[in-house]
Amino acid sequence: MSTIKDVAKLAGVAPSTVSRVIADSPKISKRTKERVKEIMDELGYYPNVHARNLVNKETNVIGVIMPSASYAPFQNPFFPEVLRGITAQANKDKYGLYLSTGQTEEGIMEEVKEMVYSRRVDGIILLYSTTSDPIIPFLLREKFPFVVIGRPPEDYADVVSYVNNDNVKAAKMLTEYVLLLKHERIGFIGGRKDAYVTLDHKHGYEQALKTAGIDINPMYFVYHDEVFEGGEQAVIELMAQATPPSALVVADDLMALGVLRMLTSMGYRVPEDISVVSFNNVLMSELSAPPLTTMDIFIYELGFQAATLVREQIASPPLDAQARIVGHKLVRRSSTSRRITKESTL
């Protein structure tokens, strides 16, 4: 990793000049500032902006990494709720949060590097986990304290601390509930295809169908981002089938609202014509029309436990990886009903 002396040597200035550039001193000319910053970018040098004040080498700040803006995280109530749990723990222990602002996945990676190399934060909470994300291996190489909300990649399962639900079991339970209502044509609307939570939901859904002796129909699988419009698009694809589903398992409550609106616009009645279930139990699931049957995954607790765990990682390095599993609970509302068949009307 480059040092301030490396920057100074390549820029042809004294290390003290580089320090003044970092501090944006008015005594340094604009031309010199631009030159020094170019060299810093070329070398990948990240200034330790807190070094002068960190006698104990701690900032008392935790970095929180959101998905990129392309996945519209602030549209989904999951993220404000998980942040509510994190901030509750932060307030309890009197530390601050540094929220990522990256607009792309590449931008987020650069921001994480800056957090680590400049020591802006003492630890990091990663609010998502995908199959190809580079952040986890980077943080492991740097031996930097961090916690994942979700399931880490299998290659790192024994070395990464995380807080998660048993999403396979939760999806299996939700699908089994729909099966108990005598539905057999059950569609699956997943979120990001590369997200571990989507893979686990699909696994649980398939387990329930196999146990019930029902063939898995690949035409009943669709994947979209966890936003309102994703749910609408998913319904268009699924209901265009020659034999459309009579029930839908949806990855997320926000998507399910899009599902409900599109079904209504297409002339379907919920739950009389088609039942809908989803995950998360955010407030809007209770206020929707009809109110959603959903799996409560205790989002607030996920955030609170992640914040607690990352503080433990910071306080006692190196601490062995820990896994904390938060429970789940089926919340039955009126978006589901027993499938009406000819036999049941006799």
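## Salt bridges in the model

Twelve salt bridges are counted here, a salt bridge being a side-chain nitrogen of Lys or Arg within 4 Å of a carboxyl oxygen of Asp or Glu. Side chains of opposite charge can pair when their charged atoms come close. Before we look at individual pairs, note that this is a predicted model, in which local features need pLDDT of at least 70 and side-chain atom pairs count only at pLDDT 80 or more, while totals for chains, interfaces and linings use all residues. Residues are numbered from 1 along each chain as its sequence is written, and side-chain values use heavy atoms, with hydrogens and water left out.

Let's start with R192 and E105, a salt bridge whose closest N and O atoms are 3.3 Å apart. R192 sits in the loop between β6 (186-190) and α8 (196-211), while E105 belongs to helix α5 (residues 105-117), so this pair ties together parts that are 87 residues apart in sequence. Helices (H or I, at least four residues) and strands (E, at least two) are DSSP runs, numbered from the N terminus. The two partners can also be described by burial, where buried means under 20% relative accessible area, exposed over 50%, and partly exposed in between (1.4 Å probe, protein chains only). R192 is buried at 8% relative accessibility, whereas E105 is partly exposed at 40%.

D200 and R151 form another salt bridge, with 2.9 Å between the closest N and O atoms. Here D200 is in helix α8 and R151 in the loop between β4 (146-149) and β5 (161-165), so the pair ties together parts that are 49 residues apart in sequence. D200 counts as buried, with 8% relative accessibility.

## The six-stranded sheet

Now for the strands. An open sheet of six strands runs in the order β2-β1-β3-β4-β5-β11, with parallel pairing; two strands pair if DSSP finds at least two bridges between them. At the edges are β2 (96-99) and β11 (323-326), each pairing on one side only. From one strand to the next, the twist averages 20°.

Parallel strands β5 and β11 are joined by four bridges, and Y162 has A323 in β11 as its bridge partner.

How many residues of β1 are buried? Five of the five are, so β1 is largely enclosed by the rest of the structure. In a regular strand the side chains alternate between the two faces of the sheet. From β1, V61, G63 and I65 point one way and I62 and V64 the other, and all are buried.

Four bridges connect β1 to β2 in parallel, with L99 in β2 as the bridge partner of V64. β1 also pairs with β3 in the parallel sense over four bridges, and there G63 stands opposite I124.

Helix α4 (residues 78-93) lies across β1 (61-65), β2, β3 (123-126) and β4, running at about 145° to β2. The axes behind that angle are lines fitted to C-alpha atoms, for helices over the stretch in contact, and angles run from 0 to 180 degrees between N-to-C directions. Contact means heavy atoms within 4.5 Å.
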